[in-house]
Amino acid sequence: MGKVIIDKMAMQRALTRITYEIIEKNKGIDNLVIIGIKTRGVYLAKRIANRLQKLENVEVPVGALDVTKYRDDIEHDSAKETPTVVASGEDRVSVEGKNVILVDDVLFTGRTINAALSAITELGRPNSIRLAVLVDRGHRELPIRADFVGKNIPSAQNEKIKVSVQEIDKRDAVEIVNK
């Protein structure tokens, strides 16, 4: 276990702030789709969508995206089928002409986001794509930055940011752990 830098309440506040910023920058929630990058980004995306529903009284489609096929820094089976963005119930979520909010837990080198952008553009042509992350830890290898950030956490290369979510890990927290 590492040092907790974001507890449950701080995580809730960060996601609420991100939700308000999304409404402001999008000038409402018309034509909005939220896509979470598997795995923890999906749960954060659903939480943001729930907050949007409570604030705007409109259900925003939420999809889950697996970017493994598009990663250039890990081994994968390139024979996988084309990507899909699915909501609960396995219904496809269209990105064509939509304002997409891409959600991930930690922004680090930018390679996951680069893979996600490749996957999304293979699915269709959105009107816009904005990035929301719970934690931006720096150390970018690609020119990618988040539009919505819960917390900037400068970290050393030998440290790991571990995000825990209630849905998987039975608690909400962000920790710094030495590798």
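In these legends, two elements are in contact when heavy atoms of each lie within 4.5 Å. The model shown is predicted.

Figure 1. The predicted chain contains 4 helices and 8 strands. Followed along the sequence, these elements occur in the pattern β-α-β-α-β-β-α-β-β-β-α-β. The chain has 179 residues, of which 46% count as buried. Among contacts with a separation of 6 or more, 66% are made by residues 24 or more positions apart. The chain exposes about 9,500 Å², and carbon and sulfur atoms supply 46% of this area.

**Figure 2. The open sheet of 5 strands.** In this view the strands stand in the order E3-E2-E4-E5-E6, and their pairing is parallel. Strand E3 (62-65) and strand E6 (148-152) are the edge strands, each of which pairs on one side only. From one strand to the next, the twist averages 25°.

**Figure 3. The pairing of strands E2 and E3.** Strand E2 covers residues 32-37 and is joined to E3 by 4 bridges, the two strands running parallel. Which residue of E3 stands opposite isoleucine 37? The residue in that place is leucine 65.

**Figure 4. Helices H2 and H3 against the strands.** Helix H2 (residues 40-56) lies across E2, E3, strand E4 (99-107) and strand E5 (128-136). The direction of H2 is at about 150° to E2. Helix H3 (residues 111-123) also lies across E2, E3, E4 and E5, and runs at about 155° to E4.

**Figure 5. Helix H2 and its buried residues.** Helix H2 has 17 residues and reaches 24 Å from its first C-alpha to its last, close to the 24 Å expected at 1.5 Å a residue. An α-helix has 3.6 residues a turn, so residues three or four places apart point the same way. The buried residues of H2 include Val42, Ala45 and Ala49. Also buried are Gly41, Leu44, Ile48 and Leu52, together with the arginines Arg47 and Arg51. What covers the buried residues of H2? The cover includes helix H1 (8-26), the strands E2, E3, E4 and E5, and helix H4 (166-169).

Figure 6. The peptide bond from lysine 38 to threonine 39 is cis, and its omega is near 15°. Threonine 39 is placed in the loop between E2 and H2.

**Figure 7. Two loop residues with positive phi.** Lysine 27 lies in the loop between H1 and E2. Its phi is near 55°, a positive value in a residue other than glycine. Is lysine 27 buried or exposed? Lysine 27 counts as exposed because its relative accessibility is 75%, and the cut-off for exposed is over 50%. Asparagine 57 follows helix H2 and is found in the loop between H2 and E3. The phi of asparagine 57 is near 60°, again a positive value in a residue other than glycine. With a relative accessible area of 64%, asparagine 57 is exposed.

Figure 8. An unreviewed UniProt entry annotates residues 100-112 as "short sequence motif: PRPP-binding". In the predicted model, the end C-alpha atoms of residues 100-112 lie 16 Å apart. The span is 62% strand and 15% helix.

Definitions and conventions
Residues are numbered from 1 along each chain as its sequence is written. This is a predicted model: local features need pLDDT of at least 70, side-chain atom pairs count only at pLDDT 80 or more; totals for chains, interfaces and linings use all residues. Side-chain values use heavy atoms; hydrogens and water are left out. Buried means under 20% relative accessible area, exposed over 50%, partly exposed in between (1.4 Å probe, protein chains only). Accessible areas come from the Shrake-Rupley method with a 1.4 Å probe; for residues, only the protein chains shown count as cover. Two strands pair if DSSP finds at least two bridges between them. Axes are lines fitted to C-alpha atoms, for helices over the stretch in contact, and angles run from 0 to 180 degrees between N-to-C directions. UniProt positions are given in the numbering used here, feature names are shortened, and annotations may be inferred rather than shown by experiment. The expected span of a helix is 1.5 Å times one less than its number of residues.
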